[in-house]
Amino acid sequence: MPTVKIRSADELLDFLATRKQRRKRELISLLHDLSTRSGEAAPHVRRTAILLAYAHWEGFVKEAARAYVHLVAYKSRPLSALAPNFQALACRQTLSIAQGATRRVAPHIAVVEMMTVNADRSIRIDANAAIDTESNLGSDVFKNICESVGVMYLPAWSVQGPFMDDLFENRCAIAHGELLTPEVEYAVEAINFSLKWIDAFSTDIENQALQAAYLRAS
């Protein structure tokens with residue numbers, strides 16, 4: 001969740017730039033540690049590289065997506081004006097309640113009213129509930145986040161799916177105490193992945209905001 005209110009596209013861009021800078025600074029420092037002149041980087045440095053490459057990737061995706069949802073929520077648009085993905089986020093809690101009501105009709109009436117009678121009223125979207133990686137940012141979770149905020153997963157992001165999954169699995173192995181020692185080349189690749197695709201996801205979120213892609217196409 002952002003520590004500041006996101007009230008405009010400019011504020012969103014400033015927020016993303018600040019968060020990227022902090023994360024990338026640490027990742028670049030790790031790259032220097034991996035290319036030590038005294039020989040091959042120590043095992044703990046290589047393991048740390050995997051942990052932080054994943055942590056910064058997951059952390060940025062979560063905070064960037066949430067910041068964008070905060071922006072949309074601040075706009076206080078009616079349900080009928082939003083793009084389908086944001087309509088789905090706005091209706092999720094009501095739909096979830098109705099899904100569990102197999103005998104009672106009232107929750108289903110609430111869904112119908114939300115989508116018809118109340119469609120022109122301003123709605124509230126909970127950004128923290130809408131975007132949650134659950135420390136599990138594999139390709140399936142990332143795809144779901146992309147769909148939630150309207151970022152196209154195909155074709156550019158889908159080709160990165162296998163590496164996302166591999167990075168997540170290696171991060172879990174190390175975090176759970178396995179004495180996995182990745183090759184230096186893989187550790188470098190992991191950090192470069194995080195550096196490159198943090199920028200790419202930031203650009204996607206920025207474009208969504210600047211193009212007001214959260215609104216339903218007229």
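The views below show a predicted model, in which local features need pLDDT of at least 70 and side-chain atom pairs count only at pLDDT 80 or more, while totals for chains, interfaces and linings use all residues. Residues are numbered from 1 along each chain as its sequence is written, and side-chain values use heavy atoms, with hydrogens and water left out.

**View 1. Asp199 and Lys24 meet through their side chains in a salt bridge, at 2.8 Å from N to O.** A salt bridge is a side-chain nitrogen of Lys or Arg within 4 Å of a carboxyl oxygen of Asp or Glu. This pair links distant parts of the chain, with Asp199 in helix α8 and Lys24 in helix α1, 175 residues apart; helices (H or I, at least four residues) and strands (E, at least two) are DSSP runs, numbered from the N terminus. Lys24 counts as partly exposed because its relative accessibility is 22%, and Asp199 is likewise partly exposed, with a relative accessible area of 25%. Salt bridges that share partners join Lys20, Lys24, Asp199 and Glu206 into one network.

**View 2. Lys20 also forms a salt bridge with Asp199, where the closest N and O atoms are 3.6 Å apart.** Here too the pair links distant parts of the chain, since Lys20 belongs to helix α1 and Asp199 to helix α8, 179 residues apart. Lys20 is buried, its relative accessible area being 15%.

**View 3. Ser202, in helix α8 (residues 184-210), makes a polar contact through its side chain with the side chain of Lys20 (3.4 Å).** A polar contact is a pair of N or O atoms within 3.5 Å; within protein, one must be able to donate a hydrogen and the other to accept it, and residues adjacent in sequence count only if both atoms are side-chain atoms. Ser202 counts as buried because its relative accessibility is 0%. Leaving aside residues up to four places away in sequence, Ser202 touches Leu16, Lys20 and Phe60, where contact means heavy atoms within 4.5 Å.

**View 4. Glu63 and Arg19 meet through their side chains in a salt bridge (2.8 Å, N to O).** Glu63 in helix α2 (residues 43-75) and Arg19 in helix α1 (residues 9-34) are 44 residues apart, so that distant parts of the chain are linked. Both Glu63 and Arg19 are buried.

Note on methods: Buried < 20%, exposed > 50% of the residue type's maximum accessible area, 1.4 Å probe, protein only.
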